[in-house]
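Here are my notes from going through this model. Have a look at the structure first, then read on.

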Amino acid sequence: MKLLEERIRRDGNVKPGNVLKVDSFLNHQMDVELYNEMGKEFRRLFPSEKINKILTIEASGIGIACIAAQYFHVPVVFAKKSQSINLDGEQYSTRIESFTHKRVYDVIVSKKYLQKGDRVLIIDDFLANGCAVAGLIDLIESAGAEIEGVGIAVEKGFQEGGRLLRGKGIRVESLAIVESMDDKTGEIVFRESCE
Ligand code: 5GP
């Protein structure tokens with residue numbers, strides 16, 4: 001999606017450790033008009049009428065998922081990062097290693113909001129090694145629900161998440177795929193899209 005690529009080029013900052021900072025429009029301050037265009041694009045890429053739920057993870061995925069959901073007319077459920085797993089059987093839980101914070105989180109979703117028969121579109125801000133999405137898939141599978149696809153704002157194509165997920169036959173659509181980035185020069189190269 002050209003609009004997002006241009007914005008990343010203009011306002012994104014490449015940090016050491018393969019981190020792309022997009023705090024001024026995506027991860028801290030949020031450009032809602034840009035989110036709106038992203039939401040429309042996710043709908044175009046996932047036209048299935050079967051999708052009845054969007055699943056994301058707190059915090060950065062929530063805004064993107066909510067704006068997109070207006071084009072799908074479905075609710076958004078976000079997996080919560082939890083200090084303690086409550087073992088009352090009311091929730092599904094999994095563990096996710098955070099790429100940016102380098103720690104492992106317990107993540108939960110209530111059994112009330114993810115159920116067998118649900119057809120779920122996962123939406124998140126970044127795809128790097130794929131741990132966050134793998135955790136969300138684990139929650140969906142625990143519930144006996146089905147994965148319709150994965151919509152990502154920014155995929156770092158030089159990390160393995162996208163390849164692993166697509167290799168499992170999961171449909172992954174990323175609005176911008178960074179092929180390479182250099183924290184010394186600030187240069188960002190995108191994978192050619194077929195827009
Ligand atoms: P993964 O689990 O795929 O390794 O990483 C995805 C998660 O880590 C995303 O939910 C996102 O919050 C965070 N993340 C990964 N790489 C980046 C990055 O380069 N920049 C930012 N801002 N967040 C990232």
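This is a predicted model: local features need pLDDT of at least 70, side-chain atom pairs count only at pLDDT 80 or more; totals for chains, interfaces and linings use all residues.

1. Residues are numbered from 1 along each chain as its sequence is written, and side-chain values use heavy atoms, with hydrogens and water left out.

2. The largest pocket has a volume of about 760 Å³. Of its 31 lining residues, S98, F99, T100, D125 and F126 sit closest to the centre. (A pocket here is an open set of points on a 1 Å grid over the protein atoms alone, where a 1.4 Å probe fits, with protein on both sides within 12 Å along at least five of seven lines; lining residues have an atom within 4 Å of a point.)

3. Which strand gives the most to that lining? Strand 7 does, with four residues. Among the other elements that supply at least two each are helix 4 (60-72) and helix 5 (131-143). (Helices, H or I of at least four residues, and strands, E of at least two, are DSSP runs numbered from the N terminus.)

4. On to the ligand. L20, A128, G130, A132 and K156 come nearest among the 16 residues around it, where "around" takes a heavy atom within 4 Å. A backbone N or O atom of L20 is 2.7 Å from a ligand nitrogen, and one of A128 is 2.8 Å from a ligand oxygen. D125 puts a polar side-chain atom 3.2 Å from an oxygen of the ligand. (Polar contacts are pairs of N or O atoms within 3.5 Å.)

5. Please check the backbone in a few spots. Most residues other than glycine have a negative phi, and most peptide bonds are trans. The E58 to A59 bond is cis, with omega near 0°, and A59 is in the loop between strand 3 (53-57) and helix 4. N18 has a positive phi near 60°, as does H73, at about 60°.

6. (Buried is under 20%, exposed over 50%, partly exposed in between, with a 1.4 Å probe and protein chains only.)

7. Finally, the cysteines: the disulfide count is zero, a disulfide being a pair of cysteine sulfur atoms within 2.5 Å. C66 is partly exposed at 38%, and C131 is partly exposed at 32%.

Terms used: Grid points are joined across faces, edges and corners, and a volume is the space filled by probe spheres set on the points. A polar contact is a pair of N or O atoms within 3.5 Å; within protein, one must be able to donate a hydrogen and the other to accept it, and residues adjacent in sequence count only if both atoms are side-chain atoms.
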